[in-house]
Amino acid sequence: MSLQSKLLWGGVSVLGAIAFAIVALTRGEPVNAAWLVIASVCIYFIAYRFYALFITSKVFGVDVKRQTPAYRHNDGLDYVPTNRYVLFGHHFAAIAGAGPLVGPVLAAQMGYLPGTLWILAGVVFAGAVQDMTVLFMSTRRDGKSLGDMIRSEMGPVPGAIAGIGILLICIIVLAVLALVVVNALKGSPWGTFAVFCTIPIALLMGVYSRFFRPGRIAEMSVIGALLLLAALVYGRTVSETPSMAAWFTLSGPTLALIIIGYGFVASVLPVWLLLAPRDYLSTFLKVGTILLLAIAILVVRPDLQMAAVTKFIDGTGPAWAGSVFPFLFITIACGAVSGWHSLISSGTTPKMIENEGQIRLIGYGGMLMESLVAIMAMISASVIHPGVYFAMNSSAGLIGTDPGHAAQVISSWGFAVTPDMLTQVAREVGEKTIMSRTGGAPTLAVGMASILSGFLGGKALAGIWYHFAILFEALFILTTVDAGTRVCRFMIQDLVGNVVPAFKATKSWSNNVVGSAAACVLWGYFLYQGVIDPLGGIWTLWPLFGTANQMLAAIALILCTVVLFKMKKQRYAWVTIMPAGWLVVCTVTAGLEKVLSPDPAVGFVSHALKFSNAVAAGKVLAPAKSLSEMSRVVFNDYVDATLAGVFAALVIAMVIYGFIHCRKALGTPRNTAVEIGGGLMAAGDD
Amino acid sequence: MTETFTTRARLVCDLVTQTARLMVGVPDYQTYVTHRQTQHPDQPVMSYQEFFRERQDARYAVGKGRFRGCC
């Protein structure tokens with residue numbers, strides 16, 4: 001290292017340390033968001049330059065001369081050697097989604113500091129390591145998927161375990177994300193109108209790019225974006241005209257049924273008609289909005305209103321239940337570490353990498369970018385007045401539906417707020433009420449509206465910016481719902497096809513209809529249950545989603561560990577053992593607590609018992625309103641408890657298999673990793 | 001000086017366009033054509049329209065390893 005670069009990195013470290021000290025140690029006066037960004041970016045640079053480089057050079061031993069699948073199978077289509085910056089953009093667009101935006105917003109109930117610390121530590125030592133290691137392994141295996149790699153390196157049983165895990169996470173992800181949309185749109189004619197408009201706009205774009213101007217992506221996207229903007233602006237008129245507003249003022253259950261029906265229709269329609277154009281719009285809008293938000297935060301440099309640590313650090317917060325350990329680490333999944341990324345890092349990206357030297361930029365760097373998105377979400381949630389934050393994220397069961405009462409309850413928690421403030425924020429963003437809009441998206445939208453309107457347009461545009469943020473989230477969540485339902489359908493067909501072979505034919509129309517219906521029923525069940533859940537749904541479902549996501553990350557990191565042992569790199573295997581161990585401890589503890597905890601707020605079984613005892617005594621417990629609702633709560637509790645238990649069991653089974661395979665690899669003197677290409681064409685022993 | 005600047009600006013523009021197109025699953029068409037012409041000169045090359053449709057179907061084809069944006 002030259003003197004110049006020593007000075008440079010020394011400077012980055014000092015700057016990061018100063019920024020971090022300001023963020024972590026300031027008490028009593030608001031901290032500027034810029035310090036949070038500076039601290040994070042310095043940490044990212046240092047981690048990228050030193051830790052990631054150590055992993056690629058020492059642990060992986062990447063070989064820039066080794067042929068990658070992009071060259072070996074070059075077909076100009078799936079396998080194409082691609083410029084690293086282009087591929088970085090592709091990879092980032094594929095991993096960025098609703099997760100890093102919602103998790104940090106929910107975690108802000110404990111204050112911005114605990115969540116931020118986990119996002120930073122998590123991404124450096126777990127998330128980015130996972131993404132990069134899976135990408136590296138898949139690149140050395142012709143771009144094989146995670147499931148295939150687990151099968152070839154660890155055998156069919158762990159492969160099946162991972163398969164079940166992936167199907168479960170898919171179902172929960174779809175349900176939770178759809179719930180976020182429902183909670184953002186219920187009783188909001190402006191938002192509902194704008195989001196509904198995306199369907200005819202997408203159909204128009206689909207027809208345009210199929211028949212009028214085939215394949216003109218830029219043209220159709222610009223037309224779509226302009227129409228979308230028009231719908232967004234006209235939405236205000238809709239919401240202010242009672243006769244039209246009545247059409248678009250929908251209740252939660254109605255919206256849930258519409259989304260379930262939509263998911264079904266969208267997944268059986270030809271892709272070019274609805275899914276593809278929607279995907280184009282949402283991808284560009286997503287990346288564009290993230291860039292815009294980053295610029296706005298740097299220009300506006302807002303102060304963080306939320307305290308560094310709030311009293312809810314003890315686990316009694318209203319947005320989600322549970323203490324810091326393990327539930328904070330479950331709540332912020334994406335942004336710190338996300339198992340979902342292991343599916344994407346073993347998807348299309350490894351088929352386009354030019355050489356192994358670029359794995360660090362794309363795998364590790366891509367995840368660092370996603371983590372920065374999570375930090376921006378944390379900032380957006382923290383620039384809102386804490387009283388408003390808690391009004392938005394507490395269920396009506398806790399704070400009621402009257403602003404006066406809500407303000408009183410929230411002030412009694414120690415976050416002084418007046419009823420006027422709650423109604424004024426609602427009026428500013430063009431909504432009737434902002435209370436109990438759980439799910440993170442509306443909170444993020446209020447935060448983004450406050451930052452973006454400070455950047456452009458001032459208070460007059462706050463309503464437009466708020467609904468723009470809602471539209472941006474709803475659009476890409478609904479695209480995920482379409483695409484996810486298709487993936488779910490395939491997995492169900494694959495699974496059921498083992499018993500009924502005829503069901504495997506994915507070209508059959510009837511199979512598709514049955515498979516899609518089954519997929520929609522599965523996630524729709526959890527969605528509907530969440531929507532009618534008197535506790536607000538997010539309270540119940542988000543921890544399940546987080547557990548599932550971290551479970552998948554644990555599975556992926558166990559695979560990485562096994563492969564490192566097989567490559568005879570056990571000396572360095574702590575790089576993946578450390579995060580894998582942490583995630584196993586977190587998910588198993590969370591899973592078991594969700595099943596066994598005697599606290600009804602945390603444990604599903606104790607909650608069920610509390611309610612079934614009341615049913616036996618003929619009593620109705622709030623927030624349920626009738627005995628039949630009570631029985632439904634009990635049933636749902638047992639379903640959720642079963643799921644949480646299954647997650648914990650899957651992780652434990654994978655740990656055992658991982659251990660067995662590491663021992664086996666230790667006992668073998670040669671490299672037994674099943675790689676393709678390079679000098680080491682070793683055959684696996686499974 | 002100005003010439004190198006324009007060449008560079010054009011290069012950056014091309015990269016941005018390529019990135020945006022790859023984000024929605026459509027790789028560079030010219031690269032595909034060059035590949036077919038040099039590696040498989042005796043075989044037909046898809047027109048841009050066919051290429052676009054093929055890529056669109058492939059991106060959303062139900063199958064393994066087709067996971068995208070979620071969290």
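This is a predicted model: local features need pLDDT of at least 70, side-chain atom pairs count only at pLDDT 80 or more; totals for chains, interfaces and linings use all residues.
User: How do you know that the span of helix 21 of chain A agrees with its number of residues?

Analyst: Helix 21 covers residues 441–455 of chain A, which is 15 residues. At 1.5 Å a residue they should span 21 Å.

User: Why is helix 21 of chain A called mostly covered?

Analyst: A residue counts as buried if 20 or more other C-beta atoms lie within 10 Å of its own. In helix 21 of chain A, 13 of the 15 residues are buried, and the helix is therefore called mostly covered.

User: How do you know that the radius of gyration of chain A agrees with that of a compact globule?

Analyst: A compact globule with 686 residues would have a radius of gyration near 26 Å. Chain A has 25 Å, so the two agree. Along its principal axes, the C-alpha trace of chain A spans about 70 × 65 × 65 Å. Of the residues of chain A, 57% count as buried.

User: What makes up the secondary structure of chain A, and what makes up that of chain B?

Analyst: Chain A has 27 helices and two strands. Chain B has three helices and zero strands, and its elements run α-α-α from the N terminus on. Of the 71 residues in chain B, 28% are buried.

User: Which residues touch the most other members of the largest nonpolar core?

Analyst: They are A:A175, A:V181 and A:A391, in a core of 253 residues. Leaving out residues up to four places away in sequence, A:V181 touches A:I259, A:A474, A:I477 and A:L478. Contact here requires C-beta atoms within 7 Å.

User: How many residues of chain A are in contact with chain B, and how many of chain B are involved?

Analyst: There are 47 residues of chain A in contact with 31 residues of chain B. Several helices of chain A each supply at least two residues of the side that touches chain B, among them helix 4 (84–95), helix 13 (275–300) and helix 22 (462–497).

User: What kinds of residues make up the side of chain A that touches chain B?

Analyst: That side divides into 28 nonpolar, 16 polar and three charged residues.

How values were computed: Residues are numbered from 1 along each chain as its sequence is written. Chains are lettered from A and ligands numbered from 1 in the order in which they are written. Helices (H or I, at least four residues) and strands (E, at least two) are DSSP runs, numbered from the N terminus. The expected span of a helix is 1.5 Å times one less than its number of residues. A residue is buried if 20 or more other C-beta atoms lie within 10 Å of its own, exposed if 12 or fewer, and partly exposed in between; C-beta atoms are placed from the backbone. Two residues are in contact if their C-beta atoms, placed from the backbone, lie within 7 Å. Ala, Val, Leu, Ile, Met, Phe, Trp, Tyr, Cys and Pro count as nonpolar, Asp, Glu, Lys and Arg as charged, and the others, Gly among them, as polar. A nonpolar core is a set of buried Ala, Val, Leu, Ile, Met, Phe, Trp, Tyr and Cys residues joined through C-beta atoms within 7 Å. The radius of gyration is taken over C-alpha atoms; the globule rule is 2.2 Å times the number of residues to the power 0.38.
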